[in-house]
Amino acid sequence: TIVSYHRRKAAPAWLLARADELEATATGYSGQSRTRLLHNARAVRDYERNFGAKAYDILNVPVMDLQYDDVIVSVMPDLHVREKGVEKIVKLEFTKDAPEKGLVKIVTQAMFEAVRNEGLTIATKNVLYVDVARGKIHKGATMRSRMAKNIEAACKNISDIWDKI
């Protein structure tokens with residue numbers, strides 16, 4: 001829905017109409033399906049409220065992996081955009097509760113490392129973890145930070161113990 005919104009260069013009301021549709025669809029379901037549809041409607045409304053004014057040109061999201069020893073980590077950003085001529089990689093977080101700082105650091109570091117490995121020239125400040133519900137944008141980590149070394153060490157540990165479990 002968010003990608004379509006930006007591709008269409010639609011008015012923010014378009015997002016609210018999609019949220020209304022999700023809520024209307026939810027009335028025909030129960031259990032987890034209903035809950036998921038209602039959460040998605042809330043997420044679309046949060047996006048409209050906090051980021052509906054963003055003017056993104058949508059680019060293809062690169063398929064990226066990080067490899068440490070024999071451990072492969074898939075890195076899947078939600079958006080690859082150009083905003084005012086600047087290329088950005090974006091992970092959207094839609095949870096009701098604020099994300100933990102440690103999680104944000106891990107995700108932004110992994111995205112930055114994967115972007116760099118792909119040969120993309122996206123600055124760390126343009127590798128973004130977006131807390132949609134609270135309207136907060138967390139910028140990427142620095143090259144070869146302590147977090148990068150911690151991720152690499154954790155993957156090495158996984159590799160070392162994998163055959164034993």
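1. Read along the sequence, the protein chain follows the pattern α-α-α-β-β-β-β-β-α-β-β-α, with 5 helices and 7 strands. Helices (H or I, at least four residues) and strands (E, at least two) are DSSP runs, numbered from the N terminus.

2. This is a predicted model, in which local features need pLDDT of at least 70 and side-chain atom pairs count only at pLDDT 80 or more, while totals for chains, interfaces and linings use all residues. Residues are numbered from 1 along each chain as its sequence is written, and side-chain values use heavy atoms, with hydrogens and water left out.

3. Of the 165 residues of the protein chain, 39% count as buried; the term means under 20% relative accessible area (1.4 Å probe, protein chains only).

4. The axes of helix α4 (residues 101-117) and helix α5 (residues 146-162) come within 9 Å and cross at roughly 85 degrees. The two helices, α4 and α5, are therefore roughly perpendicular to each other, a class that covers angles of 65 to 115 degrees. Axes are lines fitted to C-alpha atoms, for helices over the stretch in contact, and angles run from 0 to 180 degrees between N-to-C directions. Residues making the contact (heavy atoms within 4.5 Å) include Ile106 and Ala110 of α4 and Met147 and Ile151 of α5.

5. His80 is found in strand β4 (residues 79-83) and is buried, with a relative accessible area of 7%. Not counting residues up to four places away in sequence, His80 touches several residues, among them Asp57, Leu59, Val61, Glu87 and Ile122.

Technical notes: Buried means under 20% relative accessible area, exposed over 50%, partly exposed in between (1.4 Å probe, protein chains only). Angles under 35 degrees count as roughly parallel, over 145 as roughly antiparallel, 65 to 115 as roughly perpendicular and the rest as oblique.
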